[in-house]
Amino acid sequence: MSAPINRRGWLQAGLASAGALALGACDKITNSKQGVAFLQSAEGLTRRAQRLLVDRKALAREFSHADISSDFRPNGSIDPQDPDYLTLKKTGFADYHLTIDGLVERPLSLSLADLRAQAARTQITRHDCVEGWSSIAKWTGARLGPLIDQAGLKPQARYIVFHCYDTLDGPMDGKGRYYESIDLIDAYHPQTILAYAMNDAALPVAHGAPLRLRVERQLGYKQAKYIRRIEAVADYAHLHQGGGGFWEDRGYEWYAGI
Ligand SMILES: Nc1nc2c(c(=O)[nH]1)N[C@H]1C(S)=C(S)[C@@H](COP(=O)(O)O)O[C@H]1N2
Ligand SMILES: [Mo]
């Protein structure tokens with residue numbers, strides 16, 4: 001080893017949260033030429049975090065038509081009464097425009113026709129709610145990655161926030177506007193779409209019309225319905241109660257990976 005004195009401290013710093021690695025395995029890594037190269041290239045990232053990053057780009061399982069649930073349960077807000085939403089709903093969302101702004105070079109305002117003209121993806125996936133139920137549906141929507149590329153993310157942008165139309169009753173602390181946020185790994189994931197169709201029909205109101213997020217590697221509460229605005233931000237601490245989402249502000253995990 002070129003720096004034997006530092007070895008132990010360096011190892012502890014580098015692997016502090018890699019609880020799954022036995023000490024014997026650490027020694028094996030640092031005693032092999034390949035292992036040293038690996039640890040140096042990791043620059044402080046733990047082996048576990050690296051593995052997670054690789055995994056996060058994997059696709060969620062996709063199902064067949066036969067698997068589609070006949071009774072996909074609507075949950076949370078299912079019929080928003082917010083005035084702006086009711087106005088749009090009255091004309092079948094003909095005047096709907098999605099705003100994409102924040103830390104972008106070219107803010108966008110897109111009608112549903114504009115959204116339907118974007119690079120699309122269709123996928124049959126399983127929705128897992130934290131309350132313990134799952135349902136399978138076919139979703140079609142515009143891929144988020146190409147859309148935010150059209151807007152052009154500024155270098156400081158690290159998260160994508162979804163502002164929704166609906167107001168929901170929190171468990172103890174009263175009403176709040178629904179919102180959610182994801183990082184850029186999920187934003188660019190190929191299965192991350194802004195869905196305007198469910199099971200080959202226009203997205204129903206109960207499931208988030210006219211536009212909802214599908215971010216298939218995460219739990220149900222991340223799947224923001226009734227999206228009105230997408231904002232690129234450096235940090236979400238200044239939004240609402242700082243948790244990065246309606247349920248996160250009420251104690252749920254920000255990263256709800258499945
Ligand atoms: N705008 C908004 N998005 C939302 C919610 C909500 O209440 N409002 N509920 C979340 C939760 S907890 C779940 S499980 C799913 C439910 O989606 P579904 O109604 O299509 O089943 O939407 C998520 N997205
Ligand atoms: Mo949920």
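How many bridges join strand E7 to strand E9, and in which sense do the two strands run? The answer comes in point 3, after some notes on how the model is to be read.

1. **Basis of the note.** This is a predicted model, in which local features need pLDDT of at least 70, side-chain atom pairs count only at pLDDT 80 or more, and totals for chains, interfaces and linings use all residues. Residues are numbered from 1 along each chain as its sequence is written, chains are lettered from A and ligands numbered from 1 in the order in which they are written, and side-chain values use heavy atoms, with hydrogens and water left out.

2. **The chain as a whole.** The protein chain holds 8 helices and 10 strands, where helices (H or I, at least four residues) and strands (E, at least two) are DSSP runs numbered from the N terminus. Of its 258 residues, 47% count as buried; buried means under 20% relative accessible area, exposed means over 50%, and partly exposed lies in between (1.4 Å probe, protein chains only). Among contacts (heavy atoms within 4.5 Å) between residues at least 6 apart in sequence, 68% join residues at least 24 apart. The accessible surface of the protein chain comes to about 13000 Å², and 53% of this surface belongs to carbon and sulfur atoms; such areas come from the Shrake-Rupley method with a 1.4 Å probe, and for residues only the protein chains shown count as cover.

3. **Strand E7.** To answer the opening question, 3 bridges join E7 to strand E9 (residues 212–214), and the two run antiparallel; strands are said to pair if DSSP finds at least two bridges between them. Within this pairing, Ala-195 stands opposite Arg-212 in E9. E7 is also joined by 5 bridges to strand E4 (residues 134–143), again in the antiparallel sense, with Arg-143 opposite Ile-193 of E7. Strand E8 (residues 201–202) is an antiparallel partner of E7 over 2 bridges, and there Met-198 has Ala-201 as its bridge partner. E7 and E8 form a hairpin with 2 residues between them, and Asn-199 in the turn has a positive phi of about 50°. Because 6 of the 6 residues of E7 (residues 193–198) are buried, this strand is largely enclosed by the rest of the structure.

4. **Strand E5.** Strand E5 (residues 159–169) is mostly covered, with 9 of its 11 residues buried. E5 pairs in the antiparallel sense with strand E6 (residues 175–183) over 8 bridges, and Ile-160 has Ile-182 as its bridge partner in E6. These two strands form a hairpin with 5 residues between them, where Gly-174 in the turn has a positive phi of about 75°. E5 pairs with strand E10 (residues 227–233) as well, antiparallel and over 6 bridges, and in E10 the bridge partner of Cys-164 is Ile-227.

5. **Ligand 1.** Around ligand 1 there are 22 residues, of which the closest are Arg-73, Ser-77, Asp-166, His-207 and Lys-225; a residue is near a molecule if one of its heavy atoms lies within 4 Å of it. A side-chain N or O atom of Asp-166 is 2.7 Å from a nitrogen atom of the ligand. Polar side-chain atoms of two further residues lie by oxygen atoms of ligand 1, that of His-207 at 2.7 Å and that of Lys-225 at 2.5 Å. Taken alone, ligand 1 exposes 530 Å², and the protein buries 98% of that.

6. **Aromatic pairs.** A search of the whole structure finds 12 aromatic pairs, meaning rings of Phe, Tyr and Trp (its six-membered ring) whose centres lie within 6.5 Å, with planes under 30 degrees apart counted as stacked, over 60 as edge-to-face and the rest as tilted. Tyr-85 and Tyr-165 form a tilted pair, 5.8 Å centre to centre and 55° between the planes. Tyr-85 lies in helix H5 (residues 83–90) and Tyr-165 in strand E5, so the pair ties together parts that are 80 residues apart in sequence. Tyr-85 counts as buried at 0% relative accessibility, and Tyr-165 counts as buried at 7%. Tyr-236 and Trp-254 form a stacked pair, 5.5 Å centre to centre with 20° between the planes. Elsewhere, ring pairs link Tyr-178, Tyr-221, Phe-246, Trp-247 and Tyr-252 into a cluster.

Notes: A polar contact is a pair of N or O atoms within 3.5 Å; within protein, one must be able to donate a hydrogen and the other to accept it, and residues adjacent in sequence count only if both atoms are side-chain atoms.
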